[in-house]
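Hi,

Here is the structure I promised to pass on to you. Have a look at it first, and then read on for what turned up.

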Amino acid sequence: MFTVQFWVSCGIIAVISYLLGSLNTAIILSKTVEKDDVRKHGSGNAGMTNILRTYGKKHAVITACGDLLKAVVAVLIARVIFRYSGYIESYAGYVAGLFVMLGHLFPLYFGFKGGKGVVTMLGVIMMVNPIVFLILCAVFIPLVFITRIVSIGSILGAIAYPILTLVVRMIQGRPVIFETSCALITCFVLLFVHRGNIKRLLNGTENRFGGKPKK
């Protein structure tokens, strides 16, 4: 099933998705509008949460929309490539999702220092598995507002992602190995970039909404 053409198609999708992911909205917005670099402030991350703390809600909304949009575009392009190659289009979405997130984390155009990829990951999940997306949003977004700790929702959502992917695909009677594997890799990547947050959570010193970010 996984022929040379399949892996070539995956390689093309990976490159395109990584380059799209490298268009980091937070950095572009801070540099063009504020003549600044959001990575110099707060947590040092180029993502929605640090944008919110540094520049306010308007910039945070724009950042979230940009991070979602590049995920959507990457998946759509990947589906077109796979459609003409004769392969299962959902596979294309998972490959695109992994690499657009890697681009966000390690942007080629901005010194390989980006954000943590949570919003981009949600954009991918929304495209490849809407049921999993709705479950994650219904469970973990309220958790963030209850605890006022963004990283709790991000970390637990990352852990739940491959589990939900496996369960939903099994219920649907669809192949599970490839998609669950991609979701599991995504989970490990997100946990790795949140390792500092995990340490602070265990120490009881993690940042909350309304407080100054701790390094």
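Predicted model: local features only at pLDDT ≥ 70, side-chain atom pairs only at ≥ 80, totals over all residues.

On the helix 6 side, the residues involved are L122, I125, M126, M127 and V128, and they meet P130, V132, F133 and L136 of helix 7. Sorted by class, this contact has nine nonpolar residues, with no polar and no charged ones. Helix 6 covers residues 118-128 and helix 7 covers residues 130-147; their axes are 5 Å apart, at an angle of about 135 degrees. Angles over 145 degrees would count as roughly antiparallel and 65 to 115 as roughly perpendicular, so helix 6 and helix 7 are oblique to each other.

Apart from neighbours within four places in sequence, L68 is in contact with V119, L122 and G123. Is L68 buried, exposed or partly exposed? Its relative accessibility is 30%, so L68 counts as partly exposed.

Next, please look at N24. You will find N24 in the loop between helix 1 (4-21) and helix 2 (25-32). With a relative accessibility of 0%, N24 counts as buried. Which backbone atoms does the side chain of N24 reach? One is the backbone nitrogen of A26, at 3.1 Å, and another is the backbone nitrogen of I27, at 3.0 Å. Beyond its neighbours within four places in sequence, N24 is in contact with A46, K70, H104, F110, G114 and G115.

Finally, the cysteines. A search of the whole structure for disulfides finds zero. C182 is in no disulfide, and the nearest cysteine sulfur, in C10, is 8.1 Å away. For C187, the closest cysteine sulfur is that of C182, and the 13 Å between them is too far for a bond, since a disulfide needs the two sulfur atoms within 2.5 Å. Both residues are buried: C182 has a relative accessible area of 9%, and C187 has a relative accessibility of 5%.

Best wishes

Methods
Residues numbered from 1 in each chain as written. Heavy atoms only, no water. Axes fitted to C-alpha atoms, helices over the stretch in contact; angles between N-to-C directions. Helix = DSSP H or I, 4+ residues; strand = E, 2+ residues; numbered from the N terminus. Parallel < 35°, antiparallel > 145°, perpendicular 65-115°, else oblique. Contact = heavy atoms within 4.5 Å. Nonpolar A, V, L, I, M, F, W, Y, C, P; charged D, E, K, R; others polar. Buried < 20%, exposed > 50% of the residue type's maximum accessible area, 1.4 Å probe, protein only. Polar contact = N/O pair within 3.5 Å; in protein donor to acceptor, adjacent residues only side chain to side chain.
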